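Here's a quick briefing to read alongside the model.

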Amino acid sequence: LLIRLEKEGVGENMVKQVMAVIGLVFECMGRDSPSKSDLVSKVRKTCVKRCNQRKEAAGPKRVREGLTLEQVMLMVRDMYRVPASKVEPARRRFLVMQLLLFFGVKRFSDIIGLKVKDISFREDGSVEVFMRKSKTDQMARGASFFLSGRRKGGVCLPEILKWYIRGFDLKSEDVVFPRFRNGGKGVVPIKGVAVSYKAAADQLKLEVKRLGLTNISLHSGRIGAATAGAKAGMAREQLKACGGWRSDAVDG
């Protein structure tokens, strides 16, 4: 398995994760993991060494850029039209996804499982979004984040969320970011199935080209929001709390 993983070109972290899973499975069976043997240990070290050599040969990894508030506003101006039917379904989904990633300081995996019932419009005009699970909440205890109801530059986040939900006629149990299929009347959302990472990334590539952006990934909203917060004077612990960071990764 280790040799096959190495030949398939996985990274060192994947090798370590696979070995950890194997160890856990054997532990649950009440048996010693084969990963503890001298032979497997030597093979693992060799595979990790080859993974690192391949990584070094590939050169420095491309640094992802963070979205700026100006770029997010550009997306809103380009994609927010009333009624919603004036905007392609995939572009509507992309816009709202970017707004939650940026203003929520969240990962793609944090928001992709959201259902409409997880979004609450509060009396003070703000929005509460309940995440059932996140990368740092593996026990699925759940946590909320909030979006301001203030209007800035003609943009109001709760209005855009309502525009989006009504445009697709999404109900309480429907996922917020559904997969699409071609139906008799054009594109139809599959309301119980969330869009895949690949489909979301492919749409991002189209929008990056259309809007003239560069080096942007699905993680750029989170990166850019944290950077904007730091520049605005937010304390490090505030940023960690907003983004759900448990490590020093926030400093990057």
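Which side chain does glutamate 207 meet in a salt bridge? The partner is arginine 210, at 3.6 Å from N to O; a salt bridge here is a side-chain nitrogen of Lys or Arg within 4 Å of a carboxyl oxygen of Asp or Glu.

Bear in mind that this is a predicted model, where local features need pLDDT of at least 70 and side-chain atom pairs count only at pLDDT 80 or more, while totals for chains, interfaces and linings use all residues. Residues are numbered from 1 along each chain as its sequence is written, and side-chain values use heavy atoms, with hydrogens and water left out.

**The overall picture**

- The protein chain has ten helices and five strands, taken as DSSP runs numbered from the N terminus (helices are H or I, at least four residues; strands are E, at least two).
- The C-alpha trace spans about 65 × 45 × 35 Å along its principal axes.
- Out of 252 residues, 39% count as buried, where buried is under 20% relative accessible area, exposed is over 50% and partly exposed is in between (1.4 Å probe, protein chains only).
- Take the contacts (heavy atoms within 4.5 Å) between residues at least 6 apart in sequence: 54% of them join residues at least 24 apart.
- The accessible surface is about 15,200 Å², and carbon and sulfur atoms own 54% of that; the areas come from the Shrake-Rupley method with a 1.4 Å probe, and for residues only the protein chains shown count as cover.

**The nonpolar cores**

- A nonpolar core means a set of buried Ala, Val, Leu, Ile, Met, Phe, Trp, Tyr and Cys residues joined through side-chain atoms within 4.5 Å.
- The largest one has 55 residues, and Met75, Leu95, Met97, Leu147, Ile160, Tyr164 and Phe177 touch the most other members.
- Helices α4, α5, α6 (108–111), α7, α8 (197–211) and α9 (220–231), plus strands β2 and β3, each supply at least two residues of this core.
- Helix α5 gives the largest share, nine residues.
- There's also a second, separate core of nine residues, with Val18, Met19, Cys47 and Cys51 among them.

**Helix α7 and what surrounds it**

- In α7 (residues 157–167), the buried residues are Leu157, Pro158, Ile160, Leu161, Trp163, Tyr164 and Ile165.
- Those buried residues pack against α4 (69–79), α5 (89–103), β1 (119–121), β2 (127–131), β3 (143–147) and β4 (178–183).
- Leucine 99 sits in α5 and is buried at 6% relative accessibility; beyond its neighbours within four places in sequence, leucine 99 contacts Val72, Val76, Gly104, Leu157 and Ile160.
- After α7 comes aspartate 169, which has a positive phi, near 55 degrees.

**Phenylalanine 177 and arginine 93**

- You'll find phenylalanine 177 in the loop between α7 and β4, buried at 0% relative accessibility.
- Setting aside neighbours within four places in sequence, arginine 93 is in contact with Tyr164, Phe177, Pro178, Arg179, Phe180 and Val195.

**Salt bridges**

- The count comes to 17 salt bridges.
- Lysine 115 pairs with glutamate 173, with the closest N and O atoms 3.4 Å apart. Lysine 115 lies in the loop between α6 and β1 and glutamate 173 in the loop between α7 and β4, so the pair ties together parts that are 58 residues apart in sequence.
- Glutamate 207 and arginine 210 are three residues apart in helix α8, so about one helical turn separates them. Glutamate 207 is buried at 1% relative accessibility, whereas arginine 210 is partly exposed at 43%.
- Shared partners join Asp78, Arg91, Glu207 and Arg210 into one salt-bridge network.
- Arginine 122 forms a salt bridge with aspartate 124, the closest N and O atoms being 3.6 Å apart; arginine 122 is partly exposed at 37% and aspartate 124 is exposed at 57%.

**Cysteines**

- The disulfide count is zero, going by cysteine sulfur atoms within 2.5 Å of each other.
- Cysteine 51 has the sulfur of cysteine 47 as its nearest cysteine sulfur, 6.7 Å away, and is buried at 4% relative accessibility.
- Cysteine 28 is exposed, with a relative accessible area of 66%.
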